[in-house]
Amino acid sequence: KVAIKGIERELICPACKELFTHPLILPCQHNVCHKCVKEILFAFEDSFADGGSESSNQSSPRIRISSSSMDRIDRISRSGRKRNSLTPRSTLFPCPGCQRDIDLGERGINGLFRNFTLETIVERYRQAARAAIAIMCDFCKPPPQESTKSCMDCSASFCNECFKIHHPWGTAKAQHEYVGPTTNFRPKVLMCPEHEMERVNMYCEICRRPVCHLCKLGGCHANHRVTTMSTAYKTLKEKLSKDIEYLISKESQVKAHITQLDLLLKETECNSERAKGEASQSFEKLYHVLEEKKSAALRAIETSKNIRLEKLQMQVEEYQGLLENNGLVGYAQEVLKETDPSCFVQTAKQLHVRIQKATESLKSFRPAAETTFEDFVVDITKQEDILGDLSFQSNGLEIPEINEEQSKMYNKALVSWECPGKTDSADIYVLEYHKLNREEENVTWQKVEVCGKSKVVSDLDDDSSYAFRVRGYKGSICSPWSREVIFRTPPAPVFSFVFDDKCGYNSEHLQLNPRRTSVESRAGFPLLLGSERLQVGCYTTLDYIIGDTGIAKGKHFWAFRVEAYSYLVKVGVVPSNKIQKLFHSTHDVTSPRYEQDSGHDSGSEDAFFDSSQPCTLVTLGMKKFFIPTTPAAPKDPASRILPLPSCLGICLDCDRGRVGFYDAGRMKCLYECEVDCSGIMYPAFALMGGAAVHLEEAVTAKYGEYHDDI
């Protein structure tokens, strides 16, 4: 037999940390006192009304909900669940045993079973603990007698006399079941909590709980696999017996593990004391260095003070000598009493020089020493930052790495990172960044704490470079800093627009997505019909589309992506007074075969250069970026062909009349030219054949979470 006093750890409620009282079985198979379940649910309901208050359960002296459970309650309450919803409302319960949020279903606490078996074991434990404490009769007049038996039907304890009175021979009560004295009264038959008048006679293998036949016929267990209660009883009892026998047979192995764990406990104690000693020594070294620096600084200030006081004191004495009948003036007054000319002249010459110097110093008074000690101010800004980062560095925490491909610099900065081992071993991350400036000697890092693995950073300066680094923290232990990664912001504020589906939009050749942020040109049957004109010298036309918003002044930047399979795409800007000319042009004089900036060496490209074309565009296609042919451009066609960046950007400066085309991933200018900005300027795109253009999505506060969900 197992000693009853050796299992008290299994009889403690995880919520109140006391022996179970009317324990309920949760869907996660953990047990919690009936009263504790109600108090936790009350705290949970209060958190809705209070907007997730921190300690709405603190009024209960019995229950002690951990901070992690309250964090989960707050998180659930902030998730937006509404109590008065028209849809069936399920009840979420933060289990204190497994630290998970458990769905109790629509019936909530009323749908849970009481664990009568556990209740019986707890009662046996209580009886063994109090041993000599007797259970008194519930019906005796004071003073009550010690009970001799308990009636399971009456749920009461009786002495011999009271039992005979309340269970007279020949009546129905005489047939009641009675046991030895106990305070644990359990029903003879387990009833279904869903259907209170039905006995449970089946076991749901999916939900792992007893059910009645109504639950199986039309309830929530209709499509679940069930078995008879006797079969489930036999099967579970055999499994439990075998597992217990196996554990008992491994008793020697368990004892060996316990011995090993005892040694590890002692070793942990010793290692912790050693770590404390080493940490104390490290801080003692810092104290010693600081004390030395402090003493040296104080000595320097004291020395400077003494020198300055000495100079000022001498100056005071000199000026006191200028007073009447005192010092130099008194001596001069005595010399004036001399009547012998030769003796007077002999002494007065040198005295007159001293009097003149004193007179000049009186006219231009200046203290002999400074009273301020500005040269002795100790700048500890850098040291404060270093000491602020002082923490335990452990090799156990992986060094995070900033993922440059997943990071993005647009209207805001999205910085993403990951751990090489793909495991999130840190509890929290600290992201630091600063602007690169050659003039600043002392770098000031801006710090932000992040719970996930990405962060959106706002309020960065345009056309600037920033350095980013990240480290992980687990408690007081931190990882080393990651490698610094430099990102450059766009050269101008980001300009937001979508494609215009009204002005000149050719729906037969072009297809827009519902948000009008992507346009696709399909090389279909109309293009084949148009290609018939090639044999008589005509060229297939381009399909143009513009942005729905124009630019009148200022400097603006926008970015987009061109699909790698695109045959021909032109991008740039068009003034409002030339939009009609753009869409009503009958022929494409800038054909990909003969276009001046196509990159094809046809030998006659310069003949097609026309400075009066309706818009400023550059050609993209076949994974290439073609620099237009201009008098200043390289003559070699190969030097005008660049690899197509994954993301392109256009910067329009209306004030200076210039437009630049950028590699938006590196914010590097590939080509810049002059443009007439006398009218309102619109982003312009042209597609031919199979091609697609996607406008770059603006970074928002939820950008990282949105892409993680996808």
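Reply: A residue is called buried under 20% relative accessible area, exposed over 50% and partly exposed in between, judged with a 1.4 Å probe and the protein chains only. The model is predicted, so local features need pLDDT of at least 70 and side-chain atom pairs pLDDT 80 or more, whereas totals for chains, interfaces and linings use all residues. Numbering runs from 1 along each chain as its sequence is written, and side-chain values rest on heavy atoms, without hydrogens or water.

Side chains of opposite charge can pair when their charged atoms come close. With a salt bridge taken as a side-chain nitrogen of Lys or Arg within 4 Å of a carboxyl oxygen of Asp or Glu, the structure has 18 salt bridges.

Two of the pairs join residues close to each other in number. D501 and K502 form a salt bridge whose closest N and O atoms are 3.2 Å apart. E302 pairs with K305, with 2.9 Å between the closest N and O atoms. Both lie in helix α7, three residues apart, which means that about one helical turn separates them; helices (H or I, at least four residues) and strands (E, at least two) are DSSP runs numbered from the N terminus. E302 is partly exposed at 37%, and K305 is partly exposed at 31%.

The bridge between R561 and E696 has an N to O distance of 3.0 Å. R561 belongs to strand β25 (residues 555-562) and E696 to the loop between β34 (691-695) and α13 (703-709), so this pair ties together parts that are 135 residues apart in sequence. R561 is partly exposed, with 35% relative accessibility, whereas E696 is buried, with 14%. K408 joins R561 and E696 in a network of salt bridges.

Some charged side chains also sit over aromatic rings, a contact counted if NZ of Lys or CZ of Arg is within 6 Å of the ring centre and within 35 degrees of the ring normal. R308 lies over the face of F373, 4.3 Å from the ring centre. Likewise, the charged end of R469 is placed over the ring of W481, at 4.1 Å from its centre.

In summary, the pairs described include D501 with K502, E302 with K305 within helix α7, and R561 with E696, which links parts 135 residues apart in sequence.
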